[in-house]
Amino acid sequence: MGLGACAAAGPLPGATSLEKAYQSSIRGNWGESIDASTEAIKIARDDEIFFYSYGSRCEFRIWQGQYDAALEDCNDSIRAMPDFYGDPHAARARIFAIKGQYGWALEEFDAAIDLGGTRSAPGGNNPRVIAYGGKARIFATSTDQRFRNEEMAVKFAEKAVGLEKGLNTPAYKILNRDTLAAAYAAAGRFDDAVKEQKKTIAMLKDNGWAAVTYNNESLLEILNKHLRQFEERKPLRGGIY
């Protein structure tokens, strides 16, 4: 039985709002996604709805740049159903990485990989794929040299991109492809980085995703900025996760 079903009684309270939140996220409408997931939380009665509603709002707030509020949501999601699925752990790992807490981030990405997810999850994003990309980005771009590992960065980034059918949200697909270019740059393969980044920019434009934002900056602007660094034969350090 899926989230939307409750025997003959119809959808579980909050399920319809949660679906609306995810549909808005596909278009990169983070504000609408946050509002809809907040509505789901207000009317939810089922722990699984609470789990996904808090977890989804955490993800949307990360894309919006609201990291402290996002962390609270991730924690609430995990408290609702501890060790259920890896979605909030992957999101919490991203927040830790953004804050430079790379050790904690890697632990959380590993937790997301161990717990995994389900194809029937409302968002349609496999937390393992998000975690592979996240680990790759730390290995490629960490500001702390102790956590950089160019070989592992390329390995995990290629795995994340190879499994991108497990992602439904376009922003995750673009982030992982940007990570692959960053991994190539970290390994000194700048020609490959430029080639990959140009392919990602074309993909972004062809699919009408150019206006999707991360922390109020369009993904197109972010990709072009990174492309210029790769063309100047400079690796990325820190930034988005």
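Helix H1 is followed by glycine 28, which has a positive phi, near 75°. The model is predicted, and the values below were computed from it. H1 comprises the twelve residues 15-26; at 1.5 Å a residue these should span 16 Å, and the end C-alpha atoms lie 17 Å apart, which agrees. The buried residues of H1 are Ala15, Ser17, Leu18, Ala21, Tyr22, Ser24 and Ser25. Among the elements that cover these buried residues are helix H2 (30-43) and H3.

Helix H3 runs over residues 47-64. Its 18 residues should span 26 Å at 1.5 Å a residue, in agreement with the 25 Å between its end C-alpha atoms. Of these 18 residues, 14 are buried, so H3 is largely enclosed by the rest of the structure. At the start of H3, the backbone nitrogen of glutamate 48 has a side-chain oxygen of aspartate 46 within 2.8 Å. Just after H3, glycine 65 adopts a positive phi of about 85°.

Six cavities of 30 Å³ or more were counted in the model. The volume of the largest cavity is about 70 Å³. Its lining is formed by Arg94, Ile130, Gly133, Gly134, Arg137, Tyr172, Leu175, Asn176, Thr179 and Tyr241. At least two residues of this lining come from each of helix H7 (127-141) and helix H9 (170-186). Classified by residue type, the lining of the largest cavity consists of four nonpolar, four polar and two charged residues.

Key: Residues numbered from 1 in each chain as written. Predicted model: local features only at pLDDT ≥ 70, side-chain atom pairs only at ≥ 80, totals over all residues. Heavy atoms only, no water. 1 Å grid on protein atoms, 1.4 Å probe; cavity = no way out; pocket = protein on both sides within 12 Å on 5 of 7 lines; lining within 4 Å. Points joined across faces, edges and corners; volume = space filled by probe spheres on them. Helix = DSSP H or I, 4+ residues; strand = E, 2+ residues; numbered from the N terminus. Nonpolar A, V, L, I, M, F, W, Y, C, P; charged D, E, K, R; others polar. Expected span 1.5 Å × (residues − 1). Buried < 20%, exposed > 50% of the residue type's maximum accessible area, 1.4 Å probe, protein only. Polar contact = N/O pair within 3.5 Å; in protein donor to acceptor, adjacent residues only side chain to side chain. Contact = heavy atoms within 4.5 Å.
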